[in-house]
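Hi,

Here is the structure I promised to pass on.

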Amino acid sequence: MRASDEQSPPASRPTGAPPEILRSPLPPWRGVEIWPLLHGVLEFAVAIRQRLLTDPPDAVAVELPETLQQPVMRAVDRLPYLSMVTSESSAGEVYVPVEPTDGAMEALRFSLEQDLPAYLV
């Protein structure tokens, strides 16, 4: 086998997020730092976790129905195991996947680890 035929080793994971990812693209609002994210996208979960570790907040809030607070927090406590929270609404059944690649779930997991208040709003 020639050296050129060998596959190069996989790139190592970065140890820290670049400084620009540690700032929200949105300005603070009434003392609240707002982070937009795409659910289920690992890069957002990594960025959110890195940000929370860099400057821990007083509380965490995510945009999920507050009526799902207890089942979602139970499911988050089970991470990295996957869960599906279900609920009935006027529009029909609602499904909320709880997985470690979701930035909102990672923020909630951080709140449990750090014993911070967590809110679904």
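Below are notes on its salt bridges and a surface patch.

This is a predicted model, where local features need pLDDT of at least 70, side-chain atom pairs count only at pLDDT 80 or more, and totals for chains, interfaces and linings use all residues. Residues are numbered from 1 along each chain as its sequence is written, and side-chain values use heavy atoms, with hydrogens and water left out.

Searching the whole structure gives five salt bridges (a side-chain nitrogen of Lys or Arg within 4 Å of a carboxyl oxygen of Asp or Glu). In one of them, Arg-51 pairs with Glu-33 at 2.9 Å, N to O. Arg-51 sits in helix α1 and Glu-33 in the segment before α1, so this pair ties together parts 18 residues apart in sequence (helices are DSSP runs of H or I, at least four residues, numbered from the N terminus). Arg-51 is buried at 12% relative accessible area, while Glu-33 is partly exposed at 38% (buried is under 20%, exposed over 50%, partly exposed in between, with a 1.4 Å probe and protein chains only). Arg-51 also meets Asp-55 in a salt bridge of 3.6 Å, N to O, and Asp-55 is partly exposed at 45%. Salt bridges with shared partners join Arg-49, Glu-106, Arg-109 and Glu-113 into one network.

On the surface, Leu-26, Trp-29, Val-32 and Ile-34 make a nonpolar patch (residues with over 30% relative accessible area and no salt bridge, nonpolar side chains joined within 5 Å). Leu-26 is partly exposed, at 37% relative accessibility.

Best wishes

Methods
Patch = residues over 30% accessible without salt bridge, like charges linked within 9 Å, V, L, I, M, F, W, Y side chains within 5 Å. Areas by Shrake-Rupley, 256 points an atom, 1.4 Å probe, with all protein chains shown as cover. Helix = DSSP H or I, 4+ residues; strand = E, 2+ residues; numbered from the N terminus.
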